[in-house]
Amino acid sequence: MSAPDGSPVGAERSIGQLFASATTEMSALVHDEIALAKAQLKQDVKRGAMSGGAFSVAGAVLLFSLPMLNFALAYGIRTWSDWNLAVCFLLSFAANVLVALVLALIGVVFAKKAQKSKGPQKVAASMKETAGVLQNAKPHPRPDDTKVLEERVRNTKAIEAVARSSS
């Protein structure tokens with residue numbers, strides 16, 4: 001297994017390698033968040049299109065169905081009830097308006113869903129939060145390099161001594 005920069009895991013990496021790795025990972029994170037924002041925006045556009053489509057269908061139904069449906073429904077009511085023809089035409093018109101209202105309510109529901117969705121705003125806030133965390137990040141203080149080297153030499157000599165005594 002290896003780190004993103006190709007060095008083996010567990011091996012000590014230089015500050016330059018760590019910085020390169022962090023830069024690569026940050027770049028990948030930014031690209032992923034941009035892709036997420038695009039996907040959420042596409043979904044919002046689809047919802048808006050559904051809303052507009054529902055409103056358009058509601059208008060078309062009301063406009064194009066009124067003449068034919070009014071006549072058919074009015075004469076049908078007249079045949080079944082023997083009511084006055086004017087009352088039958090009013091009832092058929094009321095039925096068409098009811099259908100148009102139901103379709104308009106469907107359009108309102110989709111419009112509210114599209115308006116409530118704050119996908120790109122959430123992604124932008126997340127990116128700002130990530131950038132804020134990275135700006136405030138400070139490296140841990142490192143011990144003096146000579147002390148670290150001396151300690152490694154001592155540890156290596158101790159390991160060699162144990163290895164010689166056990167063989």
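I started with packing: the buried residues of helix 2 pack against helix 1 (15–81). For my own record, buried means under 20% relative accessible area, exposed over 50% and partly exposed in between, with a 1.4 Å probe and protein chains only. Contact means heavy atoms within 4.5 Å. Helices are DSSP runs of H or I with at least four residues, strands are E runs of at least two, and both are numbered from the N terminus.

A note on the source: this is a predicted model, where local features need pLDDT of at least 70 and side-chain atom pairs count only at pLDDT 80 or more, while totals for chains, interfaces and linings use all residues. Residues are numbered from 1 along each chain as its sequence is written, and side-chain values use heavy atoms, with hydrogens and water left out.

Next I listed the buried residues of helix 2, which are Cys 88, Ser 92, Asn 96, Ala 100, Gly 107 and Ala 114. I then checked the length of helix 2 (residues 85–116): its 32 residues reach 47 Å from first C-alpha to last, close to the 46 Å expected at 1.5 Å a residue. That expected span is 1.5 Å times one less than the number of residues.

Zooming out, I found four helices and zero strands. Buried residues make up 14% of the 167 residues. Of the contacts with a separation of 6 or more, 59% come from residues 24 or more positions apart.

Last, I looked at the UniProt record: its unreviewed entry places "transmembrane region" at residues 52–77 and 83–111, though such annotations may be inferred rather than shown by experiment. In the model, residues 52–77 are 100% helix, with end C-alpha atoms 34 Å apart. Residues 83–111 are 93% helix, with 41 Å between the end C-alpha atoms.
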